[in-house]
Structures are given as structure tokens and as C-alpha cells.
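Here is a friendly note to read with the model open beside you. Take the points in order, and look up each place as you reach it.

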Amino acid sequence: MARARQSLWLWAAALAVYAFLYLPLAVVVIFSFNDSLLNAEWVGFTTRWYGTLLDDTEMLNAAANSLFIAIAAASVATVLGTMAGMAMQRWRAGFLRFLPVLVLTPVAMPELLLGVSLLLFFRQVLDLTLGLISILIAHITFSIGFVAIIVRVRLAGMDESIFEAARDLGASPWQTFRRVTLPLLLPGILAGFLMSFTLSVDDFVITVFVAGVGVTTLPLQIYSMIKVAVSPEVNAVSTLLMALTLTLIALASKLAPDTLQGRA
Amino acid sequence: MALLEIRNVSRRFGELQAVDDVSLSIGAGEFFTLVGPSGCGKTTLLRLIAGFDAPDAGQLLLDGQELAGIPPEKRPVHTVFQSYALFPHMTVAQNVAFPLQMAGKSEDEISSRLKEALELVHLANKARQFPRELSGGQRQRVALARALINKPRLLLLDEPLAALDAKLREQITGELIALQREVGITFVFVTHSQQEALAVSHRIAVMNNGRIEQVGAPEQIYSYPRNRFVADFIGTINLLPVEVRATDHDGLRLFAAGLGEIVGTPIVGPSPGEQGAFAVRPEQLRIVTAGDLTELDNHFHGRIRDHLYLGDVTVYKIELENRVVLDAMLTNAVPGRARFLERGAPVAVGWQRDAGVYLRD
């Protein structure tokens, strides 16, 4: 009996947490199918708001930008982050023991701060015209740390002697990387890529600072639309973005359960 | 000529002198064992031979060729790791074939040698399985097959039995000896277990604090330890502090405080007045309950204080007059009897002059 009651409480608590997290999101999803211009009352089911999205060239343009930036930023961040993660695992003494802190700082830094400092850096130091390139660099910057940490956790969970064994059995350092290290790290690297992609697609704060005037991403486009009113079209695009994010996060946490599900 | 020459090799890690001026010569086809307590430097020495680490001083020569500067993948030396270090993303067959692929062998040669190697370790039916699906003993055999398949000049084994349970360890020890004889490759085996060392080796080097204490055949090390450390580390032994009284062609006369005189075989070196220890193995002691003691060169009276029944043998702890306790071992040759002597029984214990050795301090 006691145990049954205990598990009932556990279920109730879990339900409350999920409600807290997902109820506001559910409202958006529900109203994206509402056959009314106002987010006030349920009138009837429709998918026409998704249809209007396809006719909205500004929206499509923003989506294309977001997709391009996310793929490019995630690719570069994955390569750099993997190298950083391997370096962090290999050199744990001397000056390089500070490397993890340095690589992870952008992860913990307030986005506002990162946005401002990147803006200053691009304009005052590099004299770069703000646009796709500046957004790309900014997204790479905050993604590297995530990839590095996932890769490092995966490496830390492995028996280091397998890399020595590969060398011992005749593999050069490059062959060791290709045949042993890379295949074993691959799930972590993919998870890092998906995380970076997600972070890039969803990012608003930093992007606002470094986007300049010409280029819009999906979150920026949504923001500029709700300055007028939260239209059902915004609900629809938000729902799609949410679905994409959840799918990618779920996929990533399946690939790297040790880091992303808190499992050792 | 020796296959592997280790000349005055040293390696230091910060304050720790892990390997301290070690010189060894290992012959082709030998089963050579490095034994010592954990932290004695045996694994460091192995890593220097494999090429994972480089010595601070000294030389390593394989077949007369200097090994310095040659990376591990270019050395004809393969290692069986303590953790086995199997590649978890490869099947048994892929693991074992790995060295051949790295060496750029043809597909035909790989498949025929793979078959041979898997049969050698009785794993032909496990070729398609992954390491995680195997038992500890099977993984160990995969590691062996993988390290042997490309016929290295030298096989290094780093505590390969440590992760196995006692019964399996015994079985694999036997297999290892047979395997080494069959393939004829030189084995350098590292272990902290003196029993394993005695059981498998042609020659043993006993290491302590980065130094080699003694090198020799198992029976030599066991019967004639050169110092207290070796005597104490290999097997069990009774150590009596003694002072040298006289040494002449009649024998070595030692004095053990409170016990009296001990006679040993004459040796060159010790001079009267020198302090040292007399070491005698428990199985060399005779326990006499009644009768003539004059046959024994050395004998003392005492009482049975305790006994340890170990199945095949029983170890009796005999307290002598001066509270000195000696361990004496008797074989339980009569079925069903755990002991022949009761606690408190008065006995005499003795040994012949050649049963023990004098060790200088």
C-alpha cells in the first residue's frame, strides 16, 4: 500500500513538472490548428495556417537562411569541438588543464554578453559587414563547447589502452584515429552535431546582435511578426520549429545517453 | 645473441624513480617473467619495451637494433593488455585480423591466418561475435590471438590473468605455457603473483623499487634467494635474525639470539661478526615428536601453537623457547586427516644444513 501511494505521488509530481514545461507549448500547437485569426477561443480544426506559411516568401527565406546557417555552423563546430574534446581528454596536465574551462565558458556565459562582445569584435576589431558570415561565426562559437563536452565524456568512458593497443598492433596514429577512435566516437560526434544544429536553429539573442540588417533567421522573423500580433501563422511556424527541435534532441540523447540523459 | 637487450635503462616520473638502472638480457624463445609488488616498475619497463614510453637513460636493443625513436607500430613487439583492450566495435574476427590489415597483408593470407589463429585459441566458433558477448576467459584468448597473429618477435603480457577468477587463472596458466611452446615466440610476462611467475617461467626477474633484485630460473630464485626481499616475496619463508660466528670448510656457523647456533653450508663472503638472516622454507623443516634428533644438523624444541589446514598441506606454527615462531609445512598424505599434531603438543623442529640459506643484510 505504502509503495503504491509513494509511486502515485511520484507520478503526480512528474505530471506536474511536465505540465509546467509543456502546457504553454501545447497551447501554441493547439492554436496553430484553430480556424480563427484570434488566439482566443477554439472555433474549428484547420491546416490552412500551414498553407499560408508556404506562400510567405519572407518566412521561407528566413527558414532557408536558418537551415543553411545551422548546417554550416554545426558542421564546423563539430569538427572543432571534436578536436577540442580529444585534446581535453589527452592533455590533462600543465597549462592545457585549463582548456576545458576556456572551451566551456561560452556555454555558460549569458547570451546577451556573448552577443554584445561578438558584435563589438566583428565591428570594431574585424570590421566585418554583419550578415550570414557573422551569424555563422557566432553560432560556431557557442556550439563548440557543447560538442567538446559530449566528445570528452564519451572518451572518458573508454578504456584508454585500446588506443595504445591499436598502435601496438601496427596502426599509425592516423590509422588509429580512422579505424578505432572515430568509429567509437561517432555516436558522440553525431549527437554533438545535432545539438549544435538545434542550438543554431533556435538561437535568437546572439543572432539579434550579429545579424545586421539584411539577413533574417527564423527566430528573428517570428519575433518581428509578433511585434504586430501573435498570428496563427506564427503558431504554425513555431509548432514546426518545436517539432524539429524535439526530434533532434531526442535523437541526440539516444546517441549520447551518457551526457544527455545524465546516465554514467 | 640475446633477442632483447636492456642496458642500464632508467625512467623517472617526477619524484618517483620507476625504473632504476635496469639491465636484462632475454633470449629468443624464452618465457621470461617480471615479478614484483605493485609499483615496482615492471609495467613501466614493459611500456618502454612496447614503445608507449621512452627511457630517460639507457638503451633497448631488439635483435641488436636500437629501439629508441621507433614508434610502437613499427616494433615487432605486440602486447596483451591487462584490460585486454579489445576493440568494442569490431567482431572477434575483425579484432584478430587487425594487425594483418595494418601490415597490408592480402585478403587470402588474412583469412587463412585468421582461421589458424582462432583455432589456436579455440575460438573458431566465436568469430562473428562481439567482445561484449564473450566471457572473461574468451576475451583473454581473443587478445592473445590478436597479439600473436602477426608473429611478433616478442610478446608482452601485462598481468593478463589478473581479471580472471582463481580457477580460470589456473587453467589459462597451463594453456599459456603450452601456447608459448607451440608458437615458439619469446614471451615477456608481467605479474605481481609469485605463484604465476614460478609456474610459467623459464627465467624470472624479481623487481622492487624500480630495480632488479634477482634474475634466475624459478627453482633457483625459490631455493637460493639472494636477499631478504626476494626470500620474502617469493613463497613463504622463515627468517631468523643471526650473527655470523665462523665460516670455514666445515660449514657456516651462525648464532641466532636466544636460540643458539645454526649450522649452514659454507659460503664465500661473510666474515665473523656480520649481521644477517637465516632463511629456511616451511617445507624444509622436519617435525620430530619422538626419537633421534642427531640426524638433523639443526634442531630446536618447542610447542605447536597453531595450525592452518590448507587441504593438500597443513602449516604448523611452532613456538620455540625464545618465542621465535617457525612455520613448518606437512603434506596431508593420509586421507581424511587434517592434522597429526595437537595444539600445545611438545615437538622438536629441525633441518639439514643445506636446507636454508644465509642472507646478508
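1. A word on burial comes before anything else. A residue is called buried when its relative accessible area is under 20%, exposed when over 50%, and partly exposed in between, using a 1.4 Å probe and protein chains only. By that rule, 41% of the 264 residues of chain A count as buried. In chain B, buried residues make up 51% of the 361 residues.

2. Please keep the origin of the coordinates in mind. This is a predicted model, in which local features need pLDDT of at least 70 and side-chain atom pairs count only at pLDDT 80 or more, while totals for chains, interfaces and linings use all residues. Residues are numbered from 1 along each chain as its sequence is written, chains are lettered from A and ligands numbered from 1 in the order in which they are written, and side-chain values use heavy atoms, with hydrogens and water left out.

3. What is chain A built from, in helices and strands? Chain A has 12 helices and 0 strands; these are DSSP runs numbered from the N terminus, with helices being H or I of at least four residues and strands being E of at least two. Reading from the N terminus, the order is α-α-α-α-α-α-α-α-α-α-α-α. The C-alpha trace of chain A spans about 70 × 70 × 30 Å along its principal axes.

4. Chain B has another make-up: 8 helices and 20 strands. Its C-alpha atoms fill a box of roughly 75 × 50 × 35 Å, taken along the principal axes.

5. Now for the surfaces, where accessible areas come from the Shrake-Rupley method with a 1.4 Å probe, and for residues only the protein chains shown count as cover. Chain A exposes about 14,600 Å², and carbon and sulfur atoms supply 72% of that area. For chain B the accessible surface comes to about 16,900 Å², with 48% belonging to carbon and sulfur atoms.

6. Contacts tell you how each chain folds back on itself; here a contact means heavy atoms within 4.5 Å. Take the contacts with a separation of 6 or more: in chain A, residues 24 or more positions apart account for 70% of them. In chain B, the share from residues 24 or more positions apart is 65%.

7. Let us look at one helix pair in chain A. Helix H3 (residues 57-90) and helix H8 (residues 173-202) of chain A pack at an angle of about 140 degrees, and their axes are 8 Å apart. The axes are lines fitted to C-alpha atoms, for helices over the stretch in contact, and angles run from 0 to 180 degrees between N-to-C directions. Angles under 35 degrees count as roughly parallel, over 145 as roughly antiparallel, 65 to 115 as roughly perpendicular and the rest as oblique. H3(A) and H8(A) are therefore oblique to each other.

8. Who meets whom in this pair? Among the residues in contact are A:Ala70, A:Ala74 and A:Met86 in H3(A), and A:Phe177, A:Gly192 and A:Phe193 in H8(A). The contact of H3(A) with H8(A) involves 14 nonpolar, 8 polar and no charged residues. For these classes, Ala, Val, Leu, Ile, Met, Phe, Trp, Tyr, Cys and Pro count as nonpolar, Asp, Glu, Lys and Arg as charged, and the others, Gly among them, as polar.

9. H8(A) has a further partner. Helix H7 (residues 161-168) of chain A packs with H8(A) at an angle of about 145 degrees, with the axes 9 Å apart. On the H7(A) side, the contact is made by A:Ile162, A:Phe163, A:Ala166 and A:Arg167, and on the H8(A) side by A:Pro173, A:Thr176, A:Val180, A:Thr181 and A:Leu184. By class, this contact has 6 nonpolar, 2 polar and 1 charged residues.

10. Two backbone angles deserve a check. Most residues other than glycine have a negative phi. A:Asp127, however, has a positive phi near 55 degrees. A:Asp127 lies in the loop between helix H5 (111-125) and helix H6 (132-156) of chain A, and counts as exposed at 54% relative accessibility. B:Glu159 also has a positive phi, near 45 degrees. B:Glu159 sits in the loop between strand E7 (154-158) and helix H5 (166-183) of chain B, and is buried, with a relative accessible area of 9%.

11. Is B:Tyr84 buried or exposed? At 6% relative accessibility, B:Tyr84 counts as buried. B:Tyr84 is in the loop between strand E6 (77-80) and helix H2 (92-102) of chain B. Leaving out residues up to four places away in sequence, B:Tyr84 touches several residues, including B:Gly136, B:Arg139 and B:Pro160.
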